[in-house]
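Please keep the model in view while working through the numbered points.

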Amino acid sequence: MATAILSTPRIAPVRRPQLESALAERAGVISELDDIDELVRLHRARIRRFVTCSTGDPDLAETITQDTLLRAYKGRAGFLGDCSLSTWLTGIAINITRDHLRSGRYKFWKQLKATAADVHEMASFLPSEAVSPERRMLAKERIRELYAVLEGLSYNQRTIFLMKFSEEMSVDEISEILGMAVNTVRTHLHRALKAVRSKLGAKI
Amino acid sequence: MTPESTRHLSEEALDDVLIGLGSPESHSHLEVCAECRAQVKMFLGDVALFNAASMEWSRNRLPQAGASQPRRVRMHAAFAGWAITAAAVLVLALGVLHQRPETAPTQANTVQPQPVNSEAQIAQDNQLLQAVNAAIGQDEASPIEEYKISESPHPYPKAHSKKRMK
């Protein structure tokens, strides 16, 4: 028996650091998905911010954020780790928002609750550490102007702009989530940036 | 001939840099052109301010009372809304029945009907509208119920689902 064991050729274990790292990362994300409280704590504000800026409706954003987290939690077993958890959640939020936009409910809700006013107060939430006191007023004005430009964009342009510059996704990721050609995403971004430039003039 | 370093990036080239698709030539230009670099920095600075403020706003935004309550509470609120509406309709119906004369209508009261815009009628209408408005406000069904979300096999983004099918 001992001889047999000794005679067995020893095969060095194949180490694949990248694969192991990816698996470990995925395991971490899945455990994060298993804890609904942690999921909400880490991602709720970010999703709410994204949907609010995308739709302009904080109440709708709150509902969509809750739906997104609930769907993610229920479907957590299917998360393959082929993108970041943030990207995956944003994709779910976008699909739910699209469903709302397709149905008439969105317009109905917009008529019922004109709560966009407090969205315009976002500028006043600028953290004190983000800018010096001397530049604070100017910074707030810039934020208001940028938000006003975003409001004037089409839904696709605004959403893609936010995915790129707020969610920090790559053009390829945006293309995949939206099921849109890379060139189409690029065109939307160019138009959005052109609008920003034309509205903010020489400031950018 | 204008030197390469002083010919500024076109708007399209600058935008490509901003969206992460800048060409090597554009990046080389940015290294030597302070003006174009300043434009990139200015835009990214404004976006960073916007992101910081909007994230802080989102963190500080309290969830709406109706949205954060447990479903059972929301169901009770919806039921209360409909009960108020039903009660208002019942009161109106009783009021109409009470005002109706027991005898057959005469020529006089058919010729001179009660004005539609009387104060009493307006008050009743307003009461009914307020009850309906209250009921609608409390009875916004959550899309969770409307979608009938369950342990369904397709809870993922559509684009991702396609990719997994490959």
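1. The model discussed here is predicted.

2. In chain A, H3(A) packs against helix H4 (residues 58-74) at an angle of about 140°, and the two axes are 8 Å apart. H3(A) and H4(A) are therefore oblique to each other. The crossing of H3(A) past H4(A) is right-handed. Residues of H3(A) that meet H4(A) include Ile36(A), Leu39(A), Val40(A) and His43(A). Among their counterparts in H4(A) are Pro58(A), Leu60(A), Ala61(A) and Tyr73(A).

3. Helix H3 of chain B covers residues 34-60.

4. Several residues of H3(B) are buried, including Phe43(B), Leu49(B), Phe50(B), Ala53(B) and Trp57(B). The buried residues of H3(B) pack against helices H3 (36-55), H7 (136-152) and H8 (155-165) of chain A, and also against helix H1 (11-18) of chain B.

5. The largest nonpolar core holds 53 residues, of which Ala93(A), Ile143(A) and Ala53(B) touch the most other members. Helix H5 (residues 85-102) of chain A gives the largest share of this core, seven residues.

6. Which residues does Ile143(A) contact, leaving aside its neighbours within four places in sequence? They are Met122(A), Ala123(A) and Leu126(A) from chain A, together with Leu49(B), Phe50(B) and Ala53(B) from chain B.

Technical notes: Residues are numbered from 1 along each chain as its sequence is written. Chains are lettered from A and ligands numbered from 1 in the order in which they are written. This is a predicted model: local features need pLDDT of at least 70, side-chain atom pairs count only at pLDDT 80 or more; totals for chains, interfaces and linings use all residues. A nonpolar core is a set of buried Ala, Val, Leu, Ile, Met, Phe, Trp, Tyr and Cys residues joined through C-beta atoms within 7 Å. A residue is buried if 20 or more other C-beta atoms lie within 10 Å of its own, exposed if 12 or fewer, and partly exposed in between; C-beta atoms are placed from the backbone. Helices (H or I, at least four residues) and strands (E, at least two) are DSSP runs, numbered from the N terminus. Two residues are in contact if their C-beta atoms, placed from the backbone, lie within 7 Å. The expected span of a helix is 1.5 Å times one less than its number of residues. Axes are lines fitted to C-alpha atoms, for helices over the stretch in contact, and angles run from 0 to 180 degrees between N-to-C directions. Angles under 35 degrees count as roughly parallel, over 145 as roughly antiparallel, 65 to 115 as roughly perpendicular and the rest as oblique. A crossing is left-handed if the near helix is turned anticlockwise from the far one by less than a right angle, and right-handed if clockwise.
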